[in-house]
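Hi there,

Here is the structure I promised to pass on to you. Have a look at it first, and then read my notes below.

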Amino acid sequence: MQFKHSIGNKKIGKDTLIFNMGSATNCPSKLKGLCDIDCYAKKAEVQYPAVLPARNHQEQYWKLSSAETIIADIKKVVKSKRTPIKYVRVNEAGDLDSEACLHKLIVIAEALPKLKFYT
């Protein structure tokens, strides 16, 4: 499965790789009734038709790929960019859906100590 990501946006520089573990539409907190606000990320999923399918693809990639595969894919992206990647923004849309996702993310971040990960 392909590692889909983006680099930067209007607010974040080209030194930031962005990927999602899910969509705002499928946000675990929202689906459990723990969140009663419409987040900014959901607006993009409604406004731009390509965003929700892309985030759904990212969710499947995240769930089906091992930490080692994700580490290798991030390394490929970092190596291919002219502007050095310093940061990895994880999950701009939605929440972590389990403790296992958190542990997987920790493994990935620890394997890439030159990058700063944030959600």
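**The nonpolar core**

The largest nonpolar core has 21 residues, and those that touch the most other members are Leu17, Phe19, Trp62, Ile74, Ile108 and Phe117. At least two residues of this core come from each of β2, α3 (51-64), α4 (67-80), β3 (87-90) and α5 (99-111). Helix α4 gives the largest share, five residues. As background, nonpolar side chains tend to be buried together in soluble globular proteins. Please keep in mind that this is a predicted model.

Leaving out residues up to four places away in sequence, Leu17 touches Phe3, His5, Ser6, Ile7, Val77, Ile85, Tyr87, Val88 and Arg89.

**Thr16, in strand β2**

Strand β2 covers residues 16-19, and Thr16 lies in it. Is Thr16 buried or exposed? Its relative accessible area is 2%, and buried means under 20%, so Thr16 counts as buried. The side chain of Thr16 also makes a polar contact of 3.2 Å with the side chain of Asp15. Setting aside residues up to four places away in sequence, Thr16 touches Ser6, Ile7, Gly8, Ile85, Tyr87, Arg89 and Tyr118.

**The largest pocket**

Next, turn to the largest pocket, which holds about 740 Å³ of space. It is lined by 24 residues, and the closest to its centre are Asn9, Tyr40, Ala44, Arg55 and Glu92. Which helix supplies the largest share of the lining? That is α2, with five residues. Both α2 (40-47) and α3 supply at least two residues of the lining. Sorted by class, the lining has ten nonpolar, seven polar and seven charged residues.

**Leu112, in a loop**

One last stop is Leu112, which lies in the loop between α5 and β4 (116-118). Leu112 has a relative accessible area of 8%, which means that it is buried, since the cut-off is under 20%. What does Leu112 touch, leaving aside its neighbours within four places in sequence? The contacts are with Ile71, Ile74, Lys75 and Phe117. For a sense of distance, the C-alpha atoms of Leu112 and Lys10 are separated by 25 Å, and these two residues are 102 residues apart along the chain.

Enjoy exploring, and write back with any questions.

Best wishes

Terms used
Residues numbered from 1 in each chain as written. Predicted model: local features only at pLDDT ≥ 70, side-chain atom pairs only at ≥ 80, totals over all residues. Heavy atoms only, no water. Helix = DSSP H or I, 4+ residues; strand = E, 2+ residues; numbered from the N terminus. Buried < 20%, exposed > 50% of the residue type's maximum accessible area, 1.4 Å probe, protein only. Polar contact = N/O pair within 3.5 Å; in protein donor to acceptor, adjacent residues only side chain to side chain. Contact = heavy atoms within 4.5 Å. Core = buried A, V, L, I, M, F, W, Y, C linked by side-chain atoms within 4.5 Å. 1 Å grid on protein atoms, 1.4 Å probe; cavity = no way out; pocket = protein on both sides within 12 Å on 5 of 7 lines; lining within 4 Å. Points joined across faces, edges and corners; volume = space filled by probe spheres on them. Nonpolar A, V, L, I, M, F, W, Y, C, P; charged D, E, K, R; others polar.
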